[in-house]
Amino acid sequence: APELRASILRGCGVRERSLPFANIRSLEPDEFVDLLANVLSVKTVVCGANYRFGYRAAGDAKLLQTLGKAAGLQVKVVDLLSDGAETMVVSSTKVRQSLACGDVDAAA
């Protein structure tokens with residue numbers, strides 16, 4: 001639930017921001033980082049190692065680190081998680097798909 005997530009984050013001193021995707025989907029990677037740093041005053045960005053951003057997913061986590069550093073952002077890239085058998089990468093998409101199919105064990 002978005003309200004619960006926002007409440008938990010506020011309790012930790014984090015301000016959550018959300019933007020309509022239609023407003024940012026055409027931004028190039030450098031424009032997106034500029035928005036984060038200079039319009040939204042973001043200080044830290046946390047993303048997964050497979051993160052893509054910018055128009056047509058032109059940017060990746062490494063580019064975010066490069067552009068972020070130049071813009072004064074701290075960028076933390078988190079390694080991907082795998083299941084215990086390391087047969088698949090854990091992702092929110094796969095968890096949602098498992099739950100939609102009723103496979104609670106796979107989602108856990």
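**After helix H3**

Select Ser41 to begin: this residue follows H3 and has a positive phi, near 55°. Numbering starts from 1 along each chain as its sequence is written, and the model is a predicted one, in which local features need pLDDT of at least 70, side-chain atom pairs count only at pLDDT 80 or more, and totals for chains, interfaces and linings use all residues. Side-chain values use heavy atoms, with hydrogens and water left out.

**The whole chain**

Zoom out. The chain has 6 helices and 4 strands, where helices (H or I, at least four residues) and strands (E, at least two) are DSSP runs numbered from the N terminus. Along the sequence they follow the pattern α-α-α-β-β-β-α-β-α-α. The C-alpha trace spans about 45 × 30 × 25 Å along its principal axes. Of the 108 residues, 19% count as buried (under 20% relative accessible area, with a 1.4 Å probe and protein chains only).

**Helix H3 and its cover**

Select residues 29–39, which form H3. Its buried residues are Pro29, Phe32, Val33, Leu35, Leu36 and Ala37.

**H3 against H4**

Which residues make the contact? On H3 they are Pro29, Asp30, Val33 and Ala37, and on H4 they are Leu63, Leu64, Leu67, Gly68 and Ala71, contact meaning heavy atoms within 4.5 Å.

**The core**

Select Phe32, Leu36, Leu64 and Leu73, the residues with the most contacts inside the largest nonpolar core, which has 15 residues. Such a core is a set of buried Ala, Val, Leu, Ile, Met, Phe, Trp, Tyr and Cys residues joined through side-chain atoms within 4.5 Å. H3, S1 and H4 each give two or more residues to this core, and the largest share, 5 residues, comes from H3.

End on Leu64. Leaving out residues up to four places away in sequence, Leu64 touches Val33, Val45, Cys47, Tyr51, Phe53, Lys69 and Val75.

Methods
Axes are lines fitted to C-alpha atoms, for helices over the stretch in contact, and angles run from 0 to 180 degrees between N-to-C directions. Buried means under 20% relative accessible area, exposed over 50%, partly exposed in between (1.4 Å probe, protein chains only).
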